[in-house]
Amino acid sequence: MGIKISIVGMGYVGCGNALMLARDNEVSIVDIDNEKVKNFNNKKLPIQDNFAQDFFESENLNLSATCDLFESIVDASYIILSLPTNFDEETKKFDTSIIEKVIADILHKNSKALIIIKSTVNIGFTKSLRKKFETTRIIFSPEFLREGHALEDNLYPSRVIVGGLSADAKLFGNILINSSEDKKVPLLFMESTEAESVKLFSNTYLAMRVAYFNELDGFCMDNNINPSDVITGVSLDKRIGNFYNNPSFGFGGYCLPKDSKQLLNQFTNAPHNIIHAIQDSNKARSEFLINKIINFQPKIVGIYRLAMKQGADNSRESSIFSIIEGLVSKNIKVVVFDASIQESDFDIEFIDNFSNFAEMSDLIIVNRMDDMIKPYANKVFSRDVFSSDE
């Protein structure tokens, strides 16, 4: 049944690709977490994605999980790396050490497979790996996935980009297209450095867009203007579009903060005023909203969910943390209701009972309104206009 594909890493990118590719190919996915692997083999995904979970349970997939890298890559024609690359604030670069180690292990056992990096990396990284390992069989292919929509965005991609020009790279690109539901999606082949640049510039543009509409919202707040009317009127211009325009507490999550920071770091002599301003704007947004919240003079501020994005199950790099830090520094007590997490580095208390949480909070901070919080709308502080993250 098709060819054998190994996928290393069981996060959103790894799971999304595995499910899509396993309909027509033999797919083995690897992770070091025994519990994740066990659950995966019992058809339980380690990510929060209802569409993907239903697909996993209903489709006939040639898919298995293992903790043994060598078992997974033996006889594999393609090996996809979807490993974490956290942004290091000291070096101002992505930590790619795990990718380099895994590639060294792979080449020791399978030097014939094409290795595809789907983790976000520094511009020029793939080219440097080819030189380091003296092989041309490493390419880069960026992902453009939303949290909670990993499989959907693989099946219906906006574009497929492959950072490699070899025959095997082109075959891999066509495998992705043939595995998707949209066979007419644009397929672009380019060098790896260009593909790495596409990834960082795309996410930095989205960060800029979030920052832009947040500044629009701040202006409306200060001038008693209805932001919904302004944003709707602005967004109906087809050159601007009706997307990524809902005000928030700032951009956060897996990709936008680290990708925009890394891109900024890679500029040298070329002007980069806009790229730099994106970071400044996001920081200023937090400070602006902290002051607005303080003006309500609350004694206890409740935070409704640390993960700020609808459908997301993580709070990493969440924009709410800078607001929490600012409130705590002003000696305002902060309590949190979030069923997905029970501890934090900040001096805050987690409340298990939602009713108790809502009643004890003088003001509740909510990034996106939902049915649970709506009955307490009279004490909610939110910048949510359209109830959407799209």
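Buried means under 20% relative accessible area, exposed over 50%, and partly exposed in between (1.4 Å probe, protein chains only). The model is predicted: local features need pLDDT of at least 70, side-chain atom pairs count only at pLDDT 80 or more, and totals for chains, interfaces and linings use all residues. Residues are numbered from 1 along each chain as its sequence is written, and side-chain values use heavy atoms, with hydrogens and water left out.

**View A. Strand β4 is covered on both faces.**
Strand β4 spans residues 78-81. (Strands, E, at least two residues, and helices, H or I, at least four, are DSSP runs numbered from the N terminus.) In a regular strand the side chains alternate between the two faces of the sheet. Here Y78 and I80 lie on one side of β4, and I79 and L81 on the other. All four are buried. Strand β1 (residues 4-8) pairs with β4 in the parallel sense, over four bridges. (Two strands pair if DSSP finds at least two bridges between them.) S6 has I79 of β4 as its bridge partner. Strand β7 (residues 114-117) also runs parallel to β4, joined by four bridges.

**View B. Five strands make an open, parallel sheet.**
Read across the sheet, the order is β13-β12-β11-β14-β15. Which strands stand at the edges? They are β13 (349-350) and β15 (380-381). Each has a single partner strand, so one side of each is left without a neighbour in the sheet. Further in, β11 (residues 300-304) and β12 (residues 333-337) run parallel and are joined by five bridges. One of the partnered residues in this pair is I300, whose bridge partner in β12 is K333.

**View C. Helix α9 crosses helix α12.**
The axes of α9 and α12 (residues 273-294) come within 9 Å and cross at roughly 40°. (Axes are lines fitted to C-alpha atoms, for helices over the stretch in contact; angles run from 0 to 180 degrees between N-to-C directions.) The crossing is left-handed. (That means the near helix is turned anticlockwise from the far one by less than a right angle; clockwise is right-handed.) On the α9 side, the contact includes T204, A207, M208 and A211. On the α12 side, I274, I275, I278 and S281 are among the residues involved. (Contact means heavy atoms within 4.5 Å.) By class, the contact residues divide into nine nonpolar, four polar and five charged. (Ala, Val, Leu, Ile, Met, Phe, Trp, Tyr, Cys and Pro count as nonpolar; Asp, Glu, Lys and Arg as charged; the others, Gly among them, as polar.)

**View D. T204 sits in helix α9.**
Is T204 buried or exposed? T204 is buried, with a relative accessible area of 2%. Leaving aside residues up to four places away in sequence, T204 touches D259, S260, L263, I275 and I278.

**View E. Helix α9 also packs on helix α10.**
Helix α9 (residues 192-222) and helix α10 (residues 227-235) pack at an angle of about 140°, with their axes 9 Å apart. That makes α9 oblique to α10. (Under 35 degrees is roughly parallel, over 145 roughly antiparallel, 65 to 115 roughly perpendicular, and the rest oblique.) The crossing is right-handed. From α9 come F213, L216, D217 and C220. They meet P227, V230, I231, V234 and S235 of α10. This contact has seven nonpolar residues, one polar and one charged.

**View F. Helices α5 and α6 cross.**
The axes of α5 (residues 97-109) and α6 (residues 125-133) come within 12 Å and cross at roughly 40°. That makes α5 oblique to α6. The crossing is right-handed. In α5, I99, E100, I103, A104 and L107 make the contact. In α6, the residues are F125, L129, K132 and F133. Seven of the contact residues are nonpolar, none polar and two charged.

**View G. N34 belongs to helix α2.**
Helix α2 covers residues 34-41. N34 counts as exposed, at 58% relative accessibility. The C-alpha atoms of N34 and A65 are separated by 9.8 Å. Along the chain these residues are 31 residues apart.

**View H. K92 and Y244 have positive phi values.**
Most residues other than glycine have a negative phi. K92 is not a glycine, yet its phi is about 60°. K92 lies in the loop between β5 (87-88) and β6 (93-94). K92 is partly exposed, with a relative accessible area of 35%. Phi of Y244 is near 45°. Y244 lies in the loop between α10 and α11 (256-266). Y244 is buried, at 19% relative accessible area.
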